Amino acid sequence: SPSSIRRATSFQAPKKTSVVASASAPGWQEASWAVSGAAKMKYNQIFNANDRLRSGFLTGAQARTLFMQTGLQQEQLAQIWNLSDIDKDGRLSNEEFAVAMYLV
C-alpha cells in the first residue's frame with residue numbers, strides 16, 4: 001500500500017487535494033501526489049532550464065544530474081524515478097518531473 005512505501009522510503013505523502021499525477025504498481029493501490037501552484041512554477045522553471053532541446057522531456061541522464069545534487073541515496077532516487085516515470089518511457093515529462101521533484 002502507499003503507506004508502506006512511505007515507511008520504507010521515509011517519504012511523506014502530500015496533504016493537498018489537487019492531483020498532478022498518479023502511479024500504480026501491480027498489486028498496490030493507486031497512489032497520488034499533489035504539487036502546490038508555487039512549487040509547480042518552481043519545478044517548471046527547473047525543467048525548462050534543463051530541457052535545452054525543448055523536447056518536452058528530460059532524459060534519464062539529464063534528470064540524474066539534477067537528482068544527484070539532492071544528496072539522497074541512489075536507491076531512494078531510483079524509487080522516486082519509478083514512481084514519477086508514470087508511463088515508463090525512460091524520460092520525464094514536465095508533469096512527471098514535478099512529481100519527482102516534489103518527492104525529492
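Colleague: Before we start, what does contact mean here?
Modeller: Contact means heavy atoms within 4.5 Å. This is a predicted model, where local features need pLDDT of at least 70, side-chain atom pairs count only at pLDDT 80 or more, and totals for chains, interfaces and linings use all residues. Residues are numbered from 1 along each chain as its sequence is written, and side-chain values use heavy atoms, with hydrogens and water left out.

Colleague: OK, how many helices and strands?
Modeller: Five helices and four strands. They are DSSP runs numbered from the N terminus (helices: H or I, at least four residues; strands: E, at least two).

Colleague: And helix 2, which residues are buried there?
Modeller: Ala 39, Lys 40, Tyr 43, Phe 47 and Asn 50. Buried is under 20% relative accessible area, exposed over 50%, partly exposed in between (1.4 Å probe, protein chains only).

Colleague: What do the buried residues of helix 2 pack against?
Modeller: Strand 3 (57-59), helix 3, strand 4 (91-93) and helix 5.

Colleague: What's exposed on the other side of helix 2?
Modeller: Gly 37, Ala 38, Met 41, Lys 42, Gln 45 and Ala 49.

Colleague: Zooming in, what does Tyr 43 touch, leaving aside neighbours within four places in sequence?
Modeller: Val 35, Phe 97, Ala 98, Met 101 and Tyr 102.

Colleague: New topic: how many residues does the largest nonpolar core have?
Modeller: 19, and Tyr 43, Phe 67, Leu 92 and Phe 97 have the most contacts inside it. Such a core is a set of buried Ala, Val, Leu, Ile, Met, Phe, Trp, Tyr and Cys residues joined through side-chain atoms within 4.5 Å.

Colleague: Which helix gives the most to this core?
Modeller: Helix 5, with six residues.
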